Amino acid sequence: MKNVLVINGHEYYDFAKGELNKTMFDEIIQTLDGAYEVKTTVIDAGYDIKEEQEKYKWADIVIYQTPIYWFSLPAKFKKYMDEVYEYGVFFAGSAEGYGKGGLMKGKKYMFSTTWNAPVTEYNNAEGFFAGKDFEDSIAHLHYAQQFIGMEPLKSFGAHDVIANPDINLYKRELQAHLEDVFEITVNQS
């Protein structure tokens, strides 16, 4: 049985309370529990740096459930990475060159994100992302994981979450995504 660490990277604001990210976080845990050993972290609730480092060492797969604020991670999530991704634990220098000293080799990760950007903006030469696909729009997030040696699994995005929210749709799409990526069957009884 593989070990999965699920991280909720939401940061609370009065205008962004985190209900959708908690729903998605809970959905991931419920879907994978039983097929995988699951540990969790809720960044906004606080964390112990050394304990988080041990969770990463334990995990085979890390899933980051996070909103995208201004095209990146919430500030507390970025601070979490700054504190937890310690030199000598997550990465080191390498004679092979820059970005080749990751110490989390053999581990995989997946981003599960919530956005207000409509899905129609991706792969659209006239759209905001100028023809880029969803993975390209979060390339900077992938670089950080690549730097520490982890390999990507296909990312998930719930889109248009403020202007046109559809929580049941997002849950169904997330379940289908998890079934595909983790090669499991979701019991929807």
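Close-up 1. Asp26 takes part in a salt bridge with Lys22, in which the closest N and O atoms are 2.7 Å apart; the term stands for a side-chain nitrogen of Lys or Arg within 4 Å of a carboxyl oxygen of Asp or Glu. Both Lys22 and Asp26 belong to helix H1 (residues 19-32), where they are 4 residues apart, or about one turn of the helix. Lys22 is likewise partly exposed, at 46%. Helices (H or I, at least four residues) and strands (E, at least two) are DSSP runs numbered from the N terminus.

The model is predicted, with local features requiring pLDDT of at least 70 and side-chain atom pairs counted only at pLDDT 80 or more, while totals for chains, interfaces and linings use all residues. Residues are numbered from 1 along each chain as its sequence is written, and side-chain values rest on heavy atoms, with hydrogens and water left out.

**Close-up 2. The salt bridge between Lys76 and Asp44.** The side chains of Lys76 and Asp44 meet in a salt bridge with an N to O distance of 2.7 Å. Lys76 lies in helix H3, whereas Asp44 lies in the loop between strand E2 (37-42) and helix H2 (49-58), so the pair ties together parts that are 32 residues apart in sequence. Lys76 is partly exposed at 37% relative accessibility, and Asp44 is partly exposed at 28%.

**Close-up 3. Lys57 and Glu54 in helix H2.** Lys57 forms a salt bridge with Glu54, and the closest N and O atoms of this pair are 3.2 Å apart. The two residues are 3 residues apart in helix H2, a separation of about one helical turn. Lys57 is partly exposed, with a relative accessible area of 45%, as is Glu54, with 46%. The structure holds 9 salt bridges.

Close-up 4. Trp70, Phe71 and Phe128 form a nonpolar patch on the surface, with about 460 Å² of accessible area together, computed by the Shrake-Rupley method with a 1.4 Å probe, where for residues only the protein chains shown count as cover. Patches consist of residues with over 30% relative accessible area and no salt bridge, like charges being joined within 9 Å and nonpolar side chains (Val, Leu, Ile, Met, Phe, Trp, Tyr) within 5 Å. Trp70 is found in the loop between strand E3 (61-67) and helix H3 (75-84), and Trp70 is exposed, with a relative accessible area of 79%.

Terms used
Buried means under 20% relative accessible area, exposed over 50%, partly exposed in between (1.4 Å probe, protein chains only).
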